[in-house]
Amino acid sequence: MQEYDIIVLGTGLKECILSGLMSLSGKKVLHIDKNPYYGGESASISPLEELYKKFKVPGPSKSTSRGKEWNIDLIPKFFLATGQLVKILVHTEVTRYLDFKVVEGSYVYKGGKVHKVPATEEDAHSSDLMGMFDKRRLKKLLLFALNFDVRNPRTYQDIDPQKTTTRDLFARFDLGLDVIEVIGHAIALHSSESYLDEPCVETISRIRLYVESLTRHSTTPYLYPVYGLGELPQGFARLSAEYGGTFLLNRTVDEIVMDNGKVTAVKSEGKLFHCKQLICDPSYVPSRVRKVGRVIRVICLLNHPVKNTHEANSCQIIIPQTQLNRKSDIYISVVSFNHNVASDGMYIATVSTTAETINPEKEVQPGLELLEPIMQKFVSVSNLLVPKDDGTKSQIFVSRSFDATNHFESECVDIKDMYRRLTGAELSFVASRHQSHNSDED
């Protein structure tokens with residue numbers, strides 16, 4: 001009989017990060033996955049033939065072969081350079097196993113075409129997204145957000161971050177609707193309009209995160225790993241192993257053993273593994289989650305860069321919902337041979353959104369049109385599942401399904417929230433493993 005502090009089921013990114021953090025804090029961790037590969041629903045598929053097989057599509061043709069050069073992320077998401085996830089990676093030093101490259105372009109869809117999101121003052125001057133006065137006002141707001149410090153009321157400029165709504169904040173800077181749309185959706189990365197009537201402190205910190213991330217790299221604030229996201233769970237597996245964690249892939253999970261409403265063990269292939277806490281993705285505990293929506297993702301293989309993106313080898317395009325009279329934004333992420341995820345000259349573009357109708361494929365049509373001609377499409381519609389309770393009674397902590405956004409900030413909220421429920425403490429990055437180089441990290 002084997003005793004563990006924590007058992008983790010599934011090697012999705014969130015499970016791997018939490019498993020790594022728990023191993024680092026001295027917990028004895030066992031990690032089990034029913035699949036023979038890492039990554040769960042957010043796996044990277046390679047070689048290319050496997051993708052065709054997975055989606056039951058005949059192919060690929062000889063011209064797209066050299067399948068080993070492909071690593072296709074089922075749920076591609078970008079990192080904000082100074083965002084939460086990068087902080088976690090630096091803190092755990094998983095960055096030793098990864099190599100990041102900057103994403104080349106950030107675009108927003110407006111009035112039927114794609115425009116560059118202004119990243120620098122020169123961009124802002126030449127941008128056709130807004131008029132000259134709006135550009136000046138935007139610059140003022142960006143400066144305000146960059147200098148804003150919640151702990152220092154002198155930086156508030158007469159607004160109350162907890163009471164003033166974002167709508168009022170924008171009115172105070174006299175911003176027109178065009179600018180508001182760009183700021184709200186392409187910079188603060190809100191996916192609907194509800195943020196306008198909420199306290200502005202959250203939006204200010206999101207704008208600041210975007211601007212700070214930008215100053216790191218100057219073209220866009222986004223990063224993406226060379227060889228794709230599949231490198232991440234493997235990096236965490238190595239980290240966990242280094243700290244005595246155990247990984248078992250390709251193992252069926254027969255039963256989660258409960259006693260008095262609390263988890264006590266996991267039964268796998270006839271063996272009993274005891275634990276005090278359990279972390280898992282929704283697929284392991286269907287009775288403990290509920291469906292709150294659906295996400296459609298369409299992976300497209302292209303042999304050309306996307307039109308109007310200045311031949312970018314990688315980029316993000318956001319279609320704000322107001323442009324299409326929708327409730328939620330449509331996201332497009334484009335990566336290519338430049339990140340070692342496709343054959344030379346080939347691109348992978350993924351269109352995703354929260355489904356609002358019974359025909360989600362029709363909903364993403366405006367996004368697909370921007371990518372034409374498309375060599376091959378792979379369509380998936382998955383349920384958005386969330387845990388029914390916070391896990392404190394059962395000590396079973398379930399992650400939420402990945403949402404439709406194409407960056408990791410919302411997933412980080414879930415990781416931090418799960419960490420708090422698991423440990424009773426906030427996830428902070430003050431004391432790193434090697435105290436010496438930590439002072440400049442947070």
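This is a predicted model: local features need pLDDT of at least 70, side-chain atom pairs count only at pLDDT 80 or more; totals for chains, interfaces and linings use all residues.

Me: Which residues of helix 3 are buried?

Reply: Helix 3 covers residues 84–92, and its buried residues are Leu85, Val86, Ile88, Leu89, His91 and Thr92.

Me: What do those buried residues pack against?

Reply: Their partners include three helices: helix 1 (13–24), helix 9 (231–242) and helix 12 (409–423). Strand 6 (79–80), strand 7 (100–102) and strand 10 (222–225) are partners as well.

Me: Switching topic. What volume does the second largest pocket have?

Reply: About 500 Å³. Its lining has 31 residues, and the closest to the centre are Gly40, Glu41, Ser42, Ile75 and Ser283.

Me: Which element gives the largest share of that lining?

Reply: Strand 20, with 4 residues. Helix 1 and strand 16 each supply at least two.

Me: And how does the lining divide by residue type?

Reply: Into 9 nonpolar, 13 polar and 9 charged residues.

Me: Back to strand 16. Is Ile299 buried or exposed?

Reply: Ile299 lies in that strand, which spans residues 289–302. Ile299 counts as buried because its relative accessibility is 2%, and the cut-off for buried is under 20%.

Me: What does Ile299 touch?

Reply: Leaving out residues up to four places away in sequence, its contacts include Phe55, Ile72, Asp73 and Leu74. Ile348, Ala349, Thr350, Gln376, Lys377 and Phe378 are also among them.

Me: How far apart are Ile299 and Ile374?

Reply: They are 75 residues apart in sequence, and 10.0 Å apart in space, C-alpha to C-alpha.

How values were computed. Residues are numbered from 1 along each chain as its sequence is written. Side-chain values use heavy atoms; hydrogens and water are left out. Buried means under 20% relative accessible area, exposed over 50%, partly exposed in between (1.4 Å probe, protein chains only). Contact means heavy atoms within 4.5 Å. On a 1 Å grid over the protein atoms alone, a cavity is a set of points where a 1.4 Å probe fits but cannot get out, and a pocket is an open set with protein on both sides within 12 Å along at least five of seven lines; lining residues have an atom within 4 Å of a point. Grid points are joined across faces, edges and corners, and a volume is the space filled by probe spheres set on the points. Ala, Val, Leu, Ile, Met, Phe, Trp, Tyr, Cys and Pro count as nonpolar, Asp, Glu, Lys and Arg as charged, and the others, Gly among them, as polar.
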